Amino acid sequence: MYLQLFKLHELPFRLTPDPAFLYLSKHHARAKAYMESTIWFTDGFVVITGEIGSGKTTLIETFLKELEKDVVVAQINQTQVSAIEFLQTVLVQFGFQPFRMKKAELLSTLNEFLVEQYANGRRVLLIVDEAQNLSNKVLEEIRLLSGIETTKEKVLRIILAGQPELNEKLNSPGLVQLAQRIRLRFHLTPLSKSDTVAYIQHRLEVAGSQGREIFEADTFPLIYRYTGGIPRLVNTLCDTSMMAAFGQDRDVVKIEDIRAAVEEMQWIEYAERSVKLQALSVDSHGERRVILGRILVGVNGATVAERELTVGRFIIGRTSDNDLQIDSKYISRHHAQIITTAHSCVLEDLNSTNGIHVRSKRVRRRILNDGDVVQIGQHEIIYFDERLARTRAVPGDIEDDAVPMMRNAPPSGLAEPPSETSQDDDIEDDADSVQARES
């Protein structure tokens with residue numbers, strides 16, 4: 001990588017949430033203060049919302065790292081669950097094995113645990129990330145849990161974090177009682193222009209820049225134009241730009257490196273992208289989202305997940321901050337991404353250890369066709385094009401190094417697993433070795 005050239009001791013723009021790199025803008029500091037208030041108020045119930053990549057998960061990880069020892073925490077990241085599964089997940093976080101319990105037993109066990117912790121002078125906190133995916137039934141269970149109390153005070157603090165759709169869901173008529181229980185709400189906005197500059201310099205400083213200028217001053221306005229101050233987008237663009245400078249053997253990122261990165265990723269300016277996303281998110285019936293593609297995830301012949309693809313970036317990996325989490329030692333932390341536009345879906349490898357494979361061939365980038373089967377570790381991902389027109393627009397500057405693509409070709413069966421004899425395709429690495437090799 002470029003660490004030696006730029007004289008850094010770690011990668012400054014990794015997508016993995018890392019409290020050491022947290023930059024507290026005014027809005028981020030306020031959101032963190034709201035989280036901290038849940039510990040001090042006996043009726044602490046806080047909702048934090050923000051766009052994808054705005055830094056919610058990093059804030060949560062920082063907040064958790066700073067908690068005192070007398071706070072008992074249940075952190076839930078998997079939110080596409082039933083009410084029973086949600087209660088079981090909470091109890092698992094508290095050290096129970098509740099999988100054979102009926103609902104009445106789950107509630108009784110949880111109630112007794114909360115009262116016991118209160119009696120022992122401990123505070124209990126429930127944090128739910130990606131809460132916009134919770135069903136109304138699960139949200140109703142959370143409302144009931146928030147009402148558990150002793151004769152003096154409530155015994156469970158709650159933080160719900162999610163995308164802006166969470167606020168819309170909480171404002172629906174069916175959840176009025178839950179909305180009334182919420183003490184504080186805060187929406188995390190993107191970084192300002194000045195904060196974007198400070199954010200980039202802060203991450204470089206943490207990574208070891210020691211005040212050296214790594215990004216020339218005229219690069220910052222262009223970075224802001226293409227990222228809109230969204231931290232995850234800033235990370236992606238800055239990292240790719242540093243790779244472009246590395247390719248030119250330069251230890252300073254120039255404006256031409258930013259442009260090269262933008263061209264490679266086929267980005268448009270953030271303001272234009274937002275307008276297009278807004279236009280695509282409403283159809284003739286007033287529906288908010290247009291589904292352009294769909295993926296099915298399978299392992300050992302069984303489907304284990306299904307996801308819809310809309311315009312934007314969809315990240316697949318092992319950790320919970322991905323759009324699709326595959327908890328497997330064969331999957332890297334951030335393994336691959338699918339970039340969806342109005343005309344195409346492009347699958348890209350994110351420098352993973354074990355790669356992605358189409359028809360037994362390892363590929364770096366692939367323009368997906370309806371029915372394509374992609375092998376990722378031990379899992380298969382089947383792509384379905386949901387557009388009315390099945391024709392494929394092939395941008396001239398996108399390299400597709402997989403096998404030739406067939407229009408309207410039916411699925412030809414699951415791809416063969418990658419060979420275990422190839423050095424590049426060695427899938428026997430455990431999670432620790434995968435992380436070490438990625439670093």
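Analyst: Gladly. A disulfide is a covalent bond between the sulfur atoms of two cysteines. The search here asks for a pair of cysteine sulfur atoms within 2.5 Å, and the count comes to zero disulfides. Please keep in mind that this is a predicted model, where local features need pLDDT of at least 70 and side-chain atom pairs count only at pLDDT 80 or more, while totals for chains, interfaces and linings use all residues. Residues are numbered from 1 along each chain as its sequence is written, and side-chain values use heavy atoms, with hydrogens and water left out.

User: Are Cys-238 and Cys-345 buried or exposed?

Analyst: Buried means under 20% relative accessible area, exposed over 50%, and partly exposed in between, using a 1.4 Å probe and protein chains only. Cys-238 has a relative accessible area of 0% and is therefore buried. Cys-345 is buried too, at 1% relative accessibility.

User: How many salt bridges does a search of the whole structure find?

Analyst: The rule takes a side-chain nitrogen of Lys or Arg within 4 Å of a carboxyl oxygen of Asp or Glu. By that rule the whole structure has 15 salt bridges. One of them links Asp-70 and Arg-123, whose closest N and O atoms are 2.8 Å apart. Asp-70 lies in the loop between α3 (56-65) and β2 (71-76) and Arg-123 in strand β3 (residues 123-128), so this pair ties together parts that are 53 residues apart in sequence. Helices (H or I, at least four residues) and strands (E, at least two) are DSSP runs, numbered from the N terminus. Asp-70 is partly exposed at 26% relative accessibility, whereas Arg-123 is buried at 13%.

User: What else is there among the salt bridges?

Analyst: Arg-250 and Asp-257 form one with closest N and O atoms 2.4 Å apart, and Asp-257 is buried, with 2% relative accessibility.

User: Which side chains make polar contacts with the side chain of Gln-337?

Analyst: A polar contact is a pair of N or O atoms within 3.5 Å; within protein, one must be able to donate a hydrogen and the other to accept it, and residues adjacent in sequence count only if both atoms are side-chain atoms. The side chain of Gln-337 has such a contact with that of Arg-313 at 2.4 Å and with that of Glu-348 at 2.6 Å. Gln-337 sits in strand β10 (residues 336-340) and is buried, at 5% relative accessibility.

User: How should I read the order of strands in a sheet?

Analyst: Strands of a sheet pair through backbone hydrogen bonds, either parallel or antiparallel. Two strands pair if DSSP finds at least two bridges between them. Here an open sheet of six strands runs in the order β7-β6-β16-β15-β12-β13, with antiparallel pairing. Because β7 and β13 (361-363) stand at the edges with a single partner strand each, one side of each is left without a neighbour in the sheet.

User: Where can I see the pairing residue by residue?

Analyst: Gly-298 has Thr-303 in β7 as its bridge partner. The two strands β6 and β7 form a hairpin with two residues between them, and Asn-300 in the turn has a positive phi of about 55 degrees. Likewise, β15 (residues 373-376) and β16 (residues 379-385) are antiparallel over four bridges, and Gln-375 is partnered by Glu-380 in β16.
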